2 protein chains.
Amino acid sequence: MVQKSKKPPSAAKIDAPVAPKRRGRPRAYEPDVALGKALDLFRRDGFAATSLDDLSAATGMNRPSLYGAFGDKRELYIKSYQRYRDDARAAMVDIFRAEAPLRERLERIYRIALDIYLSGESGPRGCFTVMTAASEAVSDPEIRTMVLAGLTELDKAFGICFREARERGELPEGADPAALAHLASATIHTIAIRARARVPRKELEAIVKGALDVMCGAK
Amino acid sequence: MVQKSKKPPSAAKIDAPVAPKRRGRPRAYEPDVALGKALDLFRRDGFAATSLDDLSAATGMNRPSLYGAFGDKRELYIKSYQRYRDDARAAMVDIFRAEAPLRERLERIYRIALDIYLSGESGPRGCFTVMTAASEAVSDPEIRTMVLAGLTELDKAFGICFREARERGELPEGADPAALAHLASATIHTIAIRARARVPRKELEAIVKGALDVMCGAK
DNA sequence: GGAATTAAATTCGAAATGGTACAAAAAAGT
DNA sequence: ACTTTTTTGTACCATTTCGAATTTAATTCC
C-alpha cells in the first residue's frame with residue numbers, strides 16, 4: 001500500500017470508462033440508461049406531448065437534475081434522437097458491410113428494422129425519424145439537418161448494396177442503384193408508418209417480400 | 001314587393017346550401033373554412049402542439065364557439081383529418097379512374113401528391129396521415145382506424161391501376177400488382193417525409209421518376 | 001313590440017407546463 | 001474536522017392549457 005499514488009498516467013487514456021473519481025456527490029442515475037428512457041417517451045408521444053414530469057418520472061431523475069444533465073427539453077430531445085440514430089446505425093452497419101448476396105443482406109436489414117419499429121411495451125414505437133423528428137424538422141433547422149442526414153445515410157447505404165450487387169452480376173446491367181436505393185428506403189418508411197398503425201408483423205413482412213421481389217427480381 | 005313571401009317550398013330540397021332560415025343569431029363564421037384553418041394548424045404542428053388558442057386565433061372563432069361547433073380538441077382533430085382525407089381523395093379520384101396509360105396516371109398522382117405536401121405558407125406541410133395521424137394512431141383506436149383506412153385505400157387504388165395495366169399488356173404477365181401497389185404507396189410515403197424535411201421539389205421529382213422507372217419499366 | 005332561440009364574447013378556474021432558486025446531502029480533498 | 005465540489009430534492013413562479021359558466025348580442029316567430 002506504499003505505492004498508493006494515482007495509477008500511472010500512462011494508462012490514463014486507456015481506462016477512461018472506469019471510475020474517474022469525481023469530486024462531489026455521486027450521481028444517482030446512469031446518464032445512458034436515463035437517455036434511453038427519455039428516448040422511449042419521445043418516440044411514443046413526440047416532442048410536445050412529452051412533459052418534463054413524464055421524463056422525470058421515467059428516468060427517475062427530478063427535473064433540475066434532468067436539466068443539469070441534458071439541458072432543456074429541446075436539447076434532451078435532440079440528444080435522444082442522436083442516440084436513436086447511433087443505435088440504429090450500430091444495429092445495421094455490420095449487415096450493410098457484410099459480404100453476402102443482395103437479397104440476404106436486405107432481408108436482414110428489414111428484419112432489424114421491424115424489430116426496432118415493432119418493439120415497445122405500450123405499442124409499436126415506429127421510427128423516430130419518420131414519426132416525430134420529421135414533424136419538428138419543418139420549423140427546427142438543427143433537427144432538420146439531423147433528419148436529412150439520417151435519410152441520406154440510409155439512401156447511401158442501400159445504394160452501395162445495389163451497386164455492389166450489380167457489379168457482382170446479381171442485378172441486370174441497366175439497373176439503377178440510386179433509384180433502387182430510394183425504393184429500399186421508401187420501403188423502410190412505409191413499414192415504419194404501418195407499424196405505428198399496428199399493422200401486424202406478418203403483413204409488414206409480406207410487404208417487404210413483395211418489395212424485395214421487385215427490387216432484386218422474384219426469387 | 002307584394003310577393004315577398006319565402007320562395008316556393010317546392011324548391012326546398014334542391015337549394016339546400018342556401019339560407020336555411022335558422023332561428024337564432026347567425027353564425028359569424030363558415031364552418032367549412034374554419035375547419036380548413038384548423039386543418040392547416042394541425043398539419044403544421046400536430047395534435048399536442050396545437051393549442052385551442054391557436055385554433056381560436058386561426059379560425060376567428062373564440063373558444064366556446066369552437067367547442068360548440070366541433071366539440072373538444074380531439075373531435076376537432078378527427079374532423080380535420082376526415083376533411084383532409086376527403087380533400088385528398090377528391091383530388092385524386094378522377095386520375096385513378098381515368099383511362100390513361102399506367103405511367104401517365106401515376107405521374108399525375110404524384111404531381112398532385114407533391115402539390116399537397118409542399119404547399120403551405122410556413123413551410124411544406126407534408127401528409128397528415130404520415131406526419132401526425134400515424135403518431136396518434138398507436139394510442140387512439142379511432143384515429144388508428146382512419147389511418148388504416150387511408151393506407152389501404154391508397155394501396156387499393158394503386159392496385160387497380162397496376163392490375164388494369166397488366167391486363168392491357170403494359171406490364172409483364174408475371175408482375176405482381178399488389179406488390180407494385182405497396183411500392184407505389186411507399187413512394188408516396190417517402191416523398192411525404194422528405195418534403196417535411198424541406199427536400200426541394202426537384203429532388204422529390206427525381207425520386208418519383210426513378211421509382212416509376214422501376215415500377216413501370218424504364219421509359 | 002315581446003318572447004324564444006341561437007350564437008358570440010367575456011370571464012373564470014383548476015390543472016399542467018417549462019423552468020429555476022435554494023437548501024440539504026454525499027462524496028473527495030486538505 | 002472542515003472546506004469544496006457536485007448532485008439531489010423540495011418548493012416555487014409565471015405562463016399556458018383545456019374546459020365551462022355566464023352574460024351579451026343578433027335573429028326569427030308570435
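Student: How many salt bridges are there over all chains?
Tutor: A search of the whole structure gives 36 salt bridges. Keep in mind that this is a predicted model.

Student: Why would side chains pair like that?
Tutor: Side chains of opposite charge can pair when their charged atoms come close.

Student: OK, which side chain does Glu142(A) meet in a salt bridge?
Tutor: Glu142(A) pairs with Arg74(A), at 3.0 Å from N to O.

Student: And where in the chain are those two?
Tutor: In distant parts of it: Glu142(A) sits in helix 7 (residues 141-167) of chain A and Arg74(A) in helix 4 of chain A, 68 residues apart.

Student: Helix 4, then. How do the axes of helix 4 and helix 5 of chain A cross?
Tutor: The axes of helix 4 (residues 73-97) and helix 5 (residues 102-118) of chain A cross at roughly 160 degrees and come within 9 Å. Because of that angle, helix 4 of chain A is roughly antiparallel to helix 5 of chain A.

Student: Is the crossing right-handed or left-handed?
Tutor: The crossing of helix 4 and helix 5 of chain A is right-handed.

Student: Which residues meet there?
Tutor: On the helix 4 side of chain A they include Tyr84(A), Ala88(A) and Phe96(A), and on the helix 5 side of chain A they include Arg105(A), Ile109(A) and Tyr117(A). By class, the contact of helix 4 with helix 5 of chain A has 11 nonpolar, no polar and 3 charged residues.

Student: New topic. What about helix 8 and helix 9 of chain A?
Tutor: Helix 8 (residues 177-196) and helix 9 (residues 201-216) of chain A have axes that cross at roughly 170 degrees and come within 10 Å. So helix 8 of chain A is roughly antiparallel to helix 9 of chain A. Their contact divides into 10 nonpolar, 2 polar and 1 charged residues.

Student: At what angle does helix 9 of chain A pack with helix 8 of chain B?
Tutor: About 95 degrees, with the axes of helix 9 of chain A and helix 8 (residues 177-196) of chain B 9 Å apart. The two helices are therefore roughly perpendicular to each other. Among the residues that meet are Ile207(A) and Gly210(A) from helix 9 of chain A, and Leu180(B) and His182(B) from helix 8 of chain B.

Student: How much area do chain B and chain A bury between them?
Tutor: About 3,000 Å², 70% of it on carbon and sulfur atoms. The contact takes 35 residues from chain B and 35 residues from chain A.

Student: Which three residues of chain B supply more of its buried area than any other three?
Tutor: Val138(B), Ile193(B) and Arg194(B), which supply 20% of the area that chain B buries against chain A.

Student: How many salt bridges cross that interface?
Tutor: There are 2 salt bridges across the interface of chain B and chain A. Arg194(B) forms a salt bridge with Asp155(A), their closest N and O atoms being 2.8 Å apart.

Terms used
Residues numbered from 1 in each chain as written. Chains lettered and ligands numbered in written order. Predicted model: local features only at pLDDT ≥ 70, side-chain atom pairs only at ≥ 80, totals over all residues. Heavy atoms only, no water. Axes fitted to C-alpha atoms, helices over the stretch in contact; angles between N-to-C directions. Helix = DSSP H or I, 4+ residues; strand = E, 2+ residues; numbered from the N terminus. Parallel < 35°, antiparallel > 145°, perpendicular 65-115°, else oblique. Left-handed = near helix turned anticlockwise from the far one by under 90°. Contact = heavy atoms within 4.5 Å. Nonpolar A, V, L, I, M, F, W, Y, C, P; charged D, E, K, R; others polar. Buried area = accessible area lost by both parts, 1.4 Å probe. Salt bridge = Lys/Arg side-chain N within 4 Å of Asp/Glu carboxyl O.
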